[in-house]
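We'll go through it piece by piece, with the cut-offs given along the way.

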Amino acid sequence: MFRKVISKTSLNKRAMSCFQTKAYINGEWICSKETFPVKNPANGAVIADVPNLKAEDAQRAIDAAKEAFYSEEWYNMPAKGRAALLKNWSNLIEKNRDEIAALMTAESGKPIAESQGELTYGNSFLDWFAEEARRVYGEIIPSPLANREIMVVKRPIGVAGLITPWNFPLAMITRKAGAAIAAGCTVVMKPSEDTPLTALALTQLAEEAGFPKGVINTITTNKAAPIGNLFCSSPDVAGISFTGSTEVGKLLFKNSADGIKRVSLELGGNAPFIVFSSANLDVASDGAIASKFRNCGQTCVSANRFFVQEDIYDDFMTKLKEKVQALKIGSGDQTGIQIGPLINTMQFNKVKAFVDDAKSKNSEVVLGGNPRKDIGELFFEPTIVANLSKDTKLYNEEVFGPVVSVIKFKTEEEALRLANDTRRGLAGYFFSEDMRQVFRVARKLEVGMIGVNEGLISTAEAPFGGVKESGIGREGSHQGIDEYVDVKYVCLGNLKY
């Protein structure tokens with residue numbers, strides 16, 4: 001059976017009302033003989049064991065979602081009804097805010113203030129799509145013939161397979177499921193094995209919100225490949241939405257080709273952060289902290305490569321160093337903590353290897369650069385590395401950790417060339433008070449999202465997504481629903497007026 005080792009973790013007992021350790025298929029909470037542990041990255045303690053489901057379990061969830069999609073209750077439910085369910089879900093999440101935030105911090109390691117922030121951000125998608133559900137508009141197109149009318153409607157694609165990451169265990173669910181449900185789809189969700197408890201808590205609240213059985217299904221596993229392959233191959237899964245690495249995204253895209261399946265991919269980034277001579281350096285250094293160190297640098301839109309114009313380089317570095325030194329590192333459940341642990345041993349080893357590689361190639365470690373084993377096994381101190389050579393991993397790859405990599409440049413043209421010299425193109429940031437430069441650089445920067453004099457850019461109202469190998473499709477905004485609808489043309493002929 002399942003264990004709840006609350007006494008060994010930072011999870012407060014008040015979170016028990018949302019503490020669910022079973023998977024959810026067709027309106028039923030299910031167990032399995034095989035389980036896997038969910039650990040607190042801050043101290044390694046086991047929070048709970050959850051079901052380790054297999055492909056046949058996922059197939060049952062797909063079957064349930066398909067049956068629910070075609071049920072009279074769901075298929076004929078008006079948009080207003082779906083909107084009401086999403087609002088109910090949002091209200092319950094808000095009501096249980098403190099409990100869910102504590103749970104999120106326990107399994108993801110992020111500071112409690114960030115968990116609270118993610119809850120607000122994530123819930124904004126349910127609010128947004130509850131409103132957008134009633135605005136999935138069709139159109140009437142003027143016909144070239146007098147006895148015809150051309151009508152265009154949008155219909156839900158069917159069952160959507162949602163694969164979500166560990167770094168935003170709540171917001172990535174609400175951003176995907178909110179849009180899919182608003183469109184009229186049913187969903188099968190596969191959360192990360194590192195952070196399934198937040199997903200199960202949300203599922204419990206969705207059940208309480210009144211969603212019909214089979215509309216929302218949540219499967220937990222630490223063997224993701226068979227589930228992903230099933231999503232790709234099953235003719236009953238109409239679309240897949242995935243947030244994660246570019247490598248896995250390419251595999252899902254390739255494996256979905258035989259079925260010409262709808263695929264939405266939000267993949268890895270390698271975000272440039274450019275500071276021009278005209279920038280307000282206080283604004284730029286604050287933006288650097290906000291963009292780089294949120295969730296210990298473990299965000300897909302985190303600034304990765306810092307390009308600083310040479311004539312303000314020293315002044316910017318002084319300000320940046322002061323602000324990085326002031327960051328407080330520790331367990332996320334403690335007051336005032338800004339930097340928590342890395343999510344797991346694999347990620348910790350990657351960050352350490354990147355920094356060690358830079359050291360071995362004579363890069364300058366301006367600040368930090370070392371593990372903090374005195375705090376816990378997965379803590380790495382906030383780090384600034386400068387004078388990088390082009391053959392370092394930090395220069396060429398996304399570190400996904402609390403490491404700032406700084407490169408000096410001379411001209412705007414050089415900065416753009418360096419910033420665009422990557423196959424990734426999710427987000428980018430630049431700081432300038434020259435408005436002509438703002439429009440020039442915004443036009444030429446090859447990314448899907450740009451922060452100009454701003455380090456935090458995500459919001460439910462704006463489209464989220466990248467270009468190049470950072471993905472296809474968009475989430476959030478009114479465009480987010482487009483991933484879950486088909487456009488249907490209806491020709492009404494032989495009319496008599």
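**A helix, a sheet and a helix pair**

The buried residues of α10 pack against α5 (112-132), β12 (271-275), β13 (303-309), α11 (313-325), β16 (403-409) and β18 (427-431). Buried here means under 20% relative accessible area, with exposed over 50% and partly exposed in between (1.4 Å probe, protein chains only), while contact means heavy atoms within 4.5 Å. Helices (H or I, at least four residues) and strands (E, at least two) are DSSP runs, numbered from the N terminus.

A word on the ground rules: this is a predicted model, where local features need pLDDT of at least 70, side-chain atom pairs count only at pLDDT 80 or more, and totals for chains, interfaces and linings use all residues. Residues are numbered from 1 along each chain as its sequence is written, and side-chain values use heavy atoms, with hydrogens and water left out.

Back to α10 (residues 281-293): its 13 residues reach 18 Å from first C-alpha to last, close to the 18 Å expected at 1.5 Å a residue. That expected span is 1.5 Å times one less than the number of residues. Which residues of α10 are buried? They are L281, A284, S285, G287, A288, I289, S291, K292 and F293.

Next, the sheet. Three strands, in the order β5-β6-β22, form an open sheet with antiparallel pairing. Because β5 (139-141) and β22 (485-492) stand at the edges with a single partner strand each, one side of each is left without a neighbour in the sheet. From one strand to the next, the twist averages 25 degrees. Two strands count as paired if DSSP finds at least two bridges between them. β5 and β6 (residues 149-156) pair in the antiparallel sense over 3 bridges; E139 stands opposite V152 in β6, and I140 opposite M151. On to β22: 8 bridges join β6 to this strand, again antiparallel, with E149 opposite L492.

The axes of α3 (residues 79-95) and α4 (residues 97-108) come within 5 Å and cross at roughly 75 degrees. That makes α3 roughly perpendicular to α4. Axes are lines fitted to C-alpha atoms, for helices over the stretch in contact, and angles run from 0 to 180 degrees between N-to-C directions; under 35 degrees counts as roughly parallel, over 145 as roughly antiparallel, 65 to 115 as roughly perpendicular and the rest as oblique. I93, E94 and K95 in α3 meet R97, E99 and I100 in α4.
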